[in-house]
Amino acid sequence: MILLNPGPVSMTAKVRAALAGEDVCHREPEFKALVGRVREKISAVYGAAGFTPVLIGGSGTAAVETMLSVIAPTARSLVVANGVYGERMAAMLRAQNKAHDVVTAPWTSGMDLTAAEAAIAGGSFSHVLAVHHETTTGRLNDLASLGAICKKAGVPLLVDAVSSFAGEDIRWDEWNIEAAAATANKCVHGAPGVSFVLVKDAALARPSGATSVYLDLHRHAADQAKGSTPFTLPTHVTFAFDAALDELAASGGWKARHATYAARSGRVRSTLRELGVGYLLDDESVYGTTLTSFRLPEGKTYEALHARLKDDGFVIYAGQGKFDGAIFRIAVMGEITERDVDRLAASLRAALG
Ligand SMILES: *Cc1c(COP(=O)(O)O)cnc(C)c1O
């Protein structure tokens with residue numbers, strides 16, 4: 001079965017084999033060495049200087065929520081949202097009882113940069129929060145513009161990079177990024193269960209703003225700096241993550257992966273265009289490389305399309321929230337061969353032609 005949902009993704013045999021490795025205690029030197037190795041490899045993906053990688057046991061959402069530890073409990077922040085994941089960060093701030101404003105845009109639109117710029121100029125926000133690749137629609141948000149606004153105003157940016165880390169370009173300094181959250185099981189092609197935050201050392205030097213015992217970034221960072229972890233990391237999943245990071249580096253790093261995804265998505269898009277299937281967003285140029293959202297053709301239900309493709313060995317993804325039943329999404333992360341892409345094109349033609 002080839003997974004075309006935005007994580008978890010199909011893994012290579014080597015990564016899957018790493019999951020079935022030896023049982024180790026997370027307090028033993030061999031596991032500490034593994035954690036050290038994995039953290040170094042995370043740093044090496046973009047080579048961003050001055051950022052500390054911090055591993056978190058949990059899915060991508062756990063890393064995003066832990067990242068919010070850099071916001072002081074008394075500070076006010078600004079969320080710039082245009083989809084499920086931006087709105088989820090606002091929900092986290094609500095749950096953490098942290099004051100915040102939200103600049104929203106329709107899910108089919110880009111971030112409202114005009115409103116964001118006005119809010120940033122008028123408010124005294126400690127941080128701006130945004131999603132890089134909005135998986136709700138597949139739009140790659142314009143963090144270059146938002147980051148420039150943040151830089152000019154001297155406000156640091158916190159990024160949900162869960163579905164873009166290792167697949168898209170991230171300009172750590174240019175975009176004024178203070179921290180970004182991501183996961184093992186999307187563009188890195190690891191197994192689900194471990195996620196991470198890359199955070200500027202300066203932010204870790206401030207007191208923790210965590211409102212949770214478990215999701216306290218500073219606590220994880222302090223222990224990991226000593227080669228330890230405060231709580232049990234998923235040991236087997238961490239070994240698989242290490243193997244996936246090795247494969248990422250050996251295959252040419254994020255740039256090569258970006259090019260592979262672009263070629264795969266290009267193939268999916270041209271096939272569906274030929275079949276007269278329309279994009280959810282205005283045009284192809286606003287999409288990232290990892291996922292595309294399509295409007296369901298008239299007379300087709302998502303359930304029938306999903307079942308038909310699943311019979312051929314492909315799992316596609318439904319729309320979330322207001323898009324449920326109106327769209328379908330095809331992600332191209334993970335271990336997918338050229339032959340799989342050929343078969344997918346044929347399967348889509350048979351299902352929608
Ligand atoms: C997948 C994803 C998440 C986290 O999802 P989990 O199910 O918690 O792994 C967060 N943000 C974005 C943009 C995502 O694509």
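**Exercise 1. Is G154 buried or exposed, judged by its relative accessibility?**

Solution. G154 has 57% relative accessibility, so it counts as exposed, the cut-off for that class being over 50%. Bear in mind as you work that this model is predicted.

**Exercise 2. Find D23, classify its exposure, and say which residues share its charge patch.**

Solution. Start with the location: D23 belongs to the loop between α1 (13–19) and α2 (29–46). Its relative accessibility is 67%, so D23 counts as exposed.

**Exercise 3. Why is helix α3 described as largely enclosed?**

Solution. Helix α3 spans residues 60–67, and six of its eight residues are buried, so the rest of the structure largely encloses it. Those buried residues are G60, A62, A63, V64, T66 and M67. Then ask what covers them: the cover includes β2 (51–57), α4 (84–95), β8, β9 (177–183), β10 (194–200) and α8 (217–225).

**Exercise 4. Which side chain of opposite charge is nearest to R269, and how far away is it?**

Solution. First find R269 in helix α10 (residues 253–274). R269 is buried, and the nearest oppositely charged side chain is E284, 4.1 Å away. A salt bridge needs the charged atoms within 4 Å, and R269 has none. To complete the picture, set aside neighbours within four places in sequence: R269 then contacts Y279, E284, Y287, G288, T289, L291, T292 and F294.

Notes: Residues numbered from 1 in each chain as written. Predicted model: local features only at pLDDT ≥ 70, side-chain atom pairs only at ≥ 80, totals over all residues. Heavy atoms only, no water. Helix = DSSP H or I, 4+ residues; strand = E, 2+ residues; numbered from the N terminus. Buried < 20%, exposed > 50% of the residue type's maximum accessible area, 1.4 Å probe, protein only. Lys, Arg positive; Asp, Glu negative; His and termini not counted. Contact = heavy atoms within 4.5 Å. Patch = residues over 30% accessible without salt bridge, like charges linked within 9 Å, V, L, I, M, F, W, Y side chains within 5 Å. Areas by Shrake-Rupley, 256 points an atom, 1.4 Å probe, with all protein chains shown as cover. Charge placed at Lys NZ, Arg CZ, Asp CG, Glu CD.
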